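Thanks for coming, everyone. Please have a look at the sequence and the model on the screen before I start.

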Amino acid sequence: MPTPSILVTGGAGFIGSHTIVALTEAGYRPVILDDFSNSRQRVLDGLRQILGHEVPCYVQDCNDRTALLDIFQRENIGGVIHFAAFKAVGESMDEPLRYYRNNLGSLLTLLEVMLETGVSNLIFSSSCTVYGEPEVLPVTETAPVLPATSVYGNTKQVGEEILRDVVAAGKPLRVISLRYFNPVGAHPSAHIGELPLGAPNNLVPFITQTAAGLRAQITIFGDDYPTPDGTCIRDYIHVMDLAEAHVAALRTLPQDGTTSHYDVFNVGAGQGISVLEVVRAFEEVAGQKLNYRIGPRRAGDVVAVYADATKAHERLGWATKRSLREALADAWRWEKALL
Ligand code: UD1
């Protein structure tokens, strides 16, 4: 019997592509499913350069049940990591139906196909957005899940609920939801990294594009928050550390069991870093000043959120290995490779 493959939906995306590297390094055989609606073919070239071989890739929509069934059978799929989803917070408020249809539809289709084909192991991409503005920091997995402030955030919350309900119904599914904090950085080879289409929404790609001269200036969204320097606090985690958390999660799920299982883990570095601290660290790493200005607050931003990742340390045997500076250096190397 050949080694079962791991289906990685959204495997050509930012976190997905780095997880392909981590899975391969750990001895798994990943198979990509991606519709390339928010990713580019060059990711596959980058993966080939890092790994020295092609990764099987199906250009399909995860909502396509017939295509999924075909891939499960053809590739001997033994587990799934489900990244495929839309993720732009602002856009989700303008196009709620498209977000619900895509993010929840793909999860439902995937679950139906998993149950039909007897594949039980699933890692689900969730987000620290489920905590909203936490009362206690660092935030643990037992903190209350607050009403979502965006449609995108709600698709993650409802996604977690769907999984919990299916497992509670005794279906033969073993699921781990990983609540990501803020993934940053790139593979140190600079062959893969974040590829935002259009103007980036997130802090680090906006910083690197500004430093590279692609954008005139970056606006820091508010310096009047109740934090030591007035800017928001987040938990930035190197994308390769985050990728490795998926491998650790997969390893804790036995390959042949049929018992139902659901669990959730924070995946963050555990350190609260302000926006200005990220800017200063980047300036040091890149050896150049960043052209920034202080602007008004951005609607929907929480003041501070960072992880207590003790549960992932203890139960998944996982810990971060890379610093924020390494992440910023890798992101900068990647940005320069794109020029
Ligand atoms: C955002 C989403 C979050 C999602 C994550 C995935 C919001 C409110 N949250 O997290 O739900 O899971 O992306 O990528 O959009 N900043 C600036 N200037 C910029 C860009 C960002 O000052 O040009 C600041 C933000 O105000 C924030 C910090 O940098 O304080 C991080 O922002 P960002 O990278 O967008 O991530 P989050 O907002 O934490």
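First, the ground rules. This is a predicted model, where local features need pLDDT of at least 70 and side-chain atom pairs count only at pLDDT 80 or more, while totals for chains, interfaces and linings use all residues. Residues are numbered from 1 along each chain as its sequence is written, and side-chain values use heavy atoms, with hydrogens and water left out.

Now the ligand. Which residues come nearest? Of the 20 residues around the ligand, they are L203, T219, R234, R298 and D301. A residue counts as near if one of its heavy atoms lies within 4 Å of the molecule.

R234 puts a polar side-chain atom 2.6 Å from a ligand oxygen. F221 uses its backbone: an N or O atom there is 2.9 Å from an oxygen of the ligand. For S127, a side-chain N or O atom is 3.3 Å from a ligand oxygen. On its own the ligand has 740 Å² of accessible area, and the protein covers 87% of that. Those areas are Shrake-Rupley with a 1.4 Å probe; for residues, only the protein chains shown count as cover.

What is the shell made of? It has 10 nonpolar, seven polar and three charged residues. Here Ala, Val, Leu, Ile, Met, Phe, Trp, Tyr, Cys and Pro are nonpolar, Asp, Glu, Lys and Arg charged, and the others, Gly among them, polar. Helix α7 (203-211) and strand β8 (218-221) each supply at least two shell residues. β8 gives the most, with four. Helices (H or I, at least four residues) and strands (E, at least two) are DSSP runs, numbered from the N terminus.

On to aromatics. Rings of Phe, Tyr and Trp (its six-membered ring) pair if their centres lie within 6.5 Å; planes under 30 degrees apart are stacked, over 60 edge-to-face, the rest tilted. That rule gives three aromatic pairs. Take F86 and Y99: their ring centres are 5.3 Å apart with planes at 55°, so the pair is tilted. F86 sits in the loop between β4 (77-82) and α4 (89-94) and Y99 in helix α5, so the pair ties together parts 13 residues apart in sequence.

Last, the backbone. The peptide bond from L137 to P138 is cis, with omega near -5°. P138 is in the loop between β5 (121-127) and α6. N76, a residue other than glycine, has a positive phi, near 55°.

Notes: A polar contact is a pair of N or O atoms within 3.5 Å; within protein, one must be able to donate a hydrogen and the other to accept it, and residues adjacent in sequence count only if both atoms are side-chain atoms.
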